[in-house]
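Please view the sequence and the model together.

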Amino acid sequence: MRENSAGMRFDSALAQELGISRNAVESIFDNGDCIWAVDGAPVKKSDRVKVGDKVTVLIREKETQSIDSAPLPIVFEDSEIVVVAKAIGYAAHPSPGWSGPTVIDALKQSGVQIAHVGPQEREGIVHRLDVGTSGLMVIAKSERAYSSLKDQFRSREVKKIYHALAQGHLDPAIGTIDAPIDRHPKEEHRFAVVASGKPSITHYEALEFFPAVTLAKIELETGRTHQIRVHFNAIKHPLVGDLVYGADPRLAERLAMKRPWLHAMELEFRHPATGERVHFSAPYPPDLEESLASLRRSIGG
């Protein structure tokens, strides 16, 4: 659960944490497939999260089996950092309310030694990807690396490149979305462009056009929660498969997309020990590759 969940309904808080729709969460509650408990006492979906609550979510086995929990390939590792290609279905770190796999636990099980710095449950974590987003993450293995990387993310020195499949044809093909983001004024599990929000800047470039969709390269200048998803929804080009932020469910079904089509493709930063710029990239996972192949087959067809 995110730190700003206090005061939210439990179903809204879970939707925010998992990056899925509130309707999907309500279905889990209603089907009895998910049980929330605070200090061992079950709660209803309409109850509110309180400061200090220790929340546990129990998800029946049939529900967890649907989560893509593929292995986490290690792209790079030395004494200071480890770079992984996160699969969907993984949270960045353990947290109250999440019973699925995490990047930190997967690395520990692989024998990777992570720095005991920062909050205990987030040791080594300097940035996060949503559960439903695949791609590159860097994790600190030393206190020096943790401090350096946190500073680099804070000062916007880290280059973060994503690829996304957006509905419609982006026009202009190259552009910048500069619009403040904050929590949605009416829907607690979502974020939105609001005048009083935090400054948020997203740069994009169309890479390939298909019928009704655009493959885009995206560079984040800031790193707000759900930033790419919110910004592309705001310009009327929601990401394919992102039902939380306005995607067409029929298109998602046609392309077999069960999550937002979004991948953290490239990551570049100063190495904490040497100070030299290092660059990493990760290929698309199978679900994204197959959706693109389906689009290309339809064109050639």
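The model is predicted: local features need pLDDT of at least 70, side-chain atom pairs count only at pLDDT 80 or more, and totals for chains, interfaces and linings use all residues. Residues are numbered from 1 along each chain as its sequence is written, and side-chain values use heavy atoms, with hydrogens and water left out.

**Helix 8**

Helices (H or I, at least four residues) and strands (E, at least two) are DSSP runs, numbered from the N terminus. Helix 8 comprises 15 residues, 286-300. From first C-alpha to last it reaches 21 Å, close to the 21 Å expected at 1.5 Å a residue; the expected span is 1.5 Å times one less than the number of residues. Leu-288, Ser-291, Leu-292 and Leu-295 of helix 8 are buried, where buried means under 20% relative accessible area, exposed over 50% and partly exposed in between (1.4 Å probe, protein chains only). These residues are on the same side of helix 8 because they cover an arc of only 95° around the axis, the arc being that of the directions from the helix axis to the C-beta atoms. The face turned away from the buried side carries the exposed residues Pro-286 and Gly-300.

**Strand 8**

In strand 8 (residues 174-178) the side chains alternate. Strand 8 runs antiparallel to strand 11, joined to it by five bridges; two strands pair if DSSP finds at least two bridges between them. Ile-174 stands opposite Glu-205 in strand 11.

**Aromatic rings**

A search of the whole structure finds four aromatic pairs. Rings of Phe, Tyr and Trp (its six-membered ring) pair if their centres lie within 6.5 Å; planes under 30 degrees apart count as stacked, over 60 as edge-to-face and the rest as tilted. Two of these pairs are tabulated.

| Pair | Centre to centre | Between planes | Geometry |
|---|---|---|---|
| Phe-76 and Phe-280 | 5.3 Å | 40° | tilted |
| Phe-269 and Phe-280 | 5.9 Å | 35° | tilted |

Phe-76 lies in strand 4 (residues 74-77) and Phe-280 in strand 14 (residues 277-281), so their pair ties together parts 204 residues apart in sequence. Phe-269 and Phe-280 are both buried, whereas Phe-76 is partly exposed at 28% relative accessibility. Phe-76, Phe-269 and Phe-280 form one aromatic cluster.
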